[in-house]
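Hello,

Here is the structure I said I would pass on.

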Amino acid sequence: MKTDIIKFKGKEKDKVYLKKISKTLREGGLVVLPTETVYGLGGNGLNKRTCKKIYEAKGRPSDNPLILHIAENSQLDDLVTEIPEVAKKCIDKFWPGPLTIIFKRSEIIPDEATGGLPTVAIREPSNKIAHEILKSVNFPVAAPSANLSGRPSPTKVEHVIEDLNGRVDIIVDGGHSVVGIESTVLDVTVDPPMILRPGKITLEDLQEIDRNITIDSATIDSKSGEVPKSPGQKYRHYAPKADAICFGGRLDKVITEIKKNAEENKDKKIAILATDESYDEYKNLDVKLLINLGSRENLEEVAQNLFDALRKCDEEEVDIIFAEGFELRGMGLSIMNRLLKACSGKVVMRI
C-alpha cells in the first residue's frame, strides 16, 4: 500500500487535503490524524470491516477496545444509551480535551469497536486538525494510538512513518503532540465512576467534579488475565526494545542506585532517563544515551517527552534503560503508569 503523507499549511490546498481525507475515511480507508495526546490511527468506528483493518494495521489484539472520536458532543445521543449526570459535568469541563469517557453503548456500535463489551469509549479531541477531519465525516472515528502494538505511542510524525508507512492510506503531519501521553479514561458505567487509565486529566481534577471518583489499582499493579475495558489495561504497552528498569523513591537515593547499576553494567549500552534536577549527576558516567525528560516541577513537560525518549533508545539500540520514577499523584501517576508498562513492571524502590 502506498501511504500519502500530508501536512496542513493553512492555505487553500488544505481544503483539497481535507476532502481527500474525508473521502478516504468514508470509503473505509485508514488515516493517521494528530491529536493533542498522541497520533491516532483513524477509521470509521461504525464499520466492522474498517475496525478490523485498524487492528490488523497495528497488530493489536481484537479484545483491546478502540476509542471513538467525535467532533461534537451532540453525537453522543446516537452512540450511547444514557449520559449520567457525572459524565455531563465532565464533558462540560474537559471536552474537547484529553478525557475519554466509557458509556453503555447503543446498538449501532459494532462489537469490533468495543472488543465485544457492552460499553464504548468516546472522546472529543481538542486538536484543530483532528477536529476539522472529524467534522468532515458523519460518523465517529475509531482511533487508537498510531503505532505498532506494544511500541511506544507516537508523538511525532516520524514515529508514525517508522511504524505504519505502507500500512495506512494517509498520514497527516500535525507536528509534536502537545500532551504526549494518551487520554485519561473514565468509566461512568460503574458507581462510583472509576479511572481506568490516568492521563493529563488527573484523579485530583476529576474529584473536583465528584469526590467519589476513584482509580483502578490496575493502573499501577496490572491485573493479568482480565478482559480490558480500556486501552492500555491488559497488554504490554509503550515498550522499547531494550530491557528497562524504573527506580522509585527519594531522588538522591534513586541517583545513587542508577549510578551503581550503570557501573555494574559497563559492558552494556546504557540509556538513562533523567530530569533537570538530576541530569548533571550522570554526566561523568560512560553511557550510550543520557536523556533529560524535563523538570520535576513541570510534569507536563516530562509527559510530552517520555515516548520520544523511549523511541530514541530504540534508535540508538541500547541494551538497558534506567529510568527515574515519580510520585504516584497527579501527572506523576500518569507518567508512572506508562513507565511501569514500558518496564514490564520491573521497579527498584529506594526510599
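Phe8 and Tyr17 are both buried. This is a predicted model, so treat what follows as computed from it. The rings of Phe8 and Tyr17 form an aromatic pair, with centres 6.1 Å apart and an angle of 35° between the planes. The angle matters for the name: planes under 30 degrees apart count as stacked and over 60 as edge-to-face, with the rest called tilted, and the Phe8 and Tyr17 pair is tilted.

The count of aromatic pairs comes to 2. The other partners to look up are Phe247 and Phe322, which form an edge-to-face pair at 5.6 Å centre to centre, with 80° between the planes. Phe247 belongs to strand S12 (residues 243-249) and Phe322 to strand S15 (residues 320-324), so this pair ties together parts that are 75 residues apart in sequence. Phe247 is buried, and Phe322 is buried too.

The charged end of Arg296 sits over the ring of Phe326, at 4.6 Å from the ring centre.

Next, helix H4. Which residues of H4 (residues 85-94) are buried? They are Val86, Ala87, Cys90, Ile91 and Phe94. Looking down the axis of H4, these buried residues fall within an arc of 135°, so they line one face of the helix.

Regards

Terms used:
Residues numbered from 1 in each chain as written. Predicted model: local features only at pLDDT ≥ 70, side-chain atom pairs only at ≥ 80, totals over all residues. Heavy atoms only, no water. Buried < 20%, exposed > 50% of the residue type's maximum accessible area, 1.4 Å probe, protein only. Helix = DSSP H or I, 4+ residues; strand = E, 2+ residues; numbered from the N terminus. Arc of directions from axis to C-beta. Phe/Tyr/Trp six-rings, centres within 6.5 Å; stacked < 30°, edge-to-face > 60°. Lys NZ or Arg CZ within 6 Å of the ring centre and 35° of its normal.
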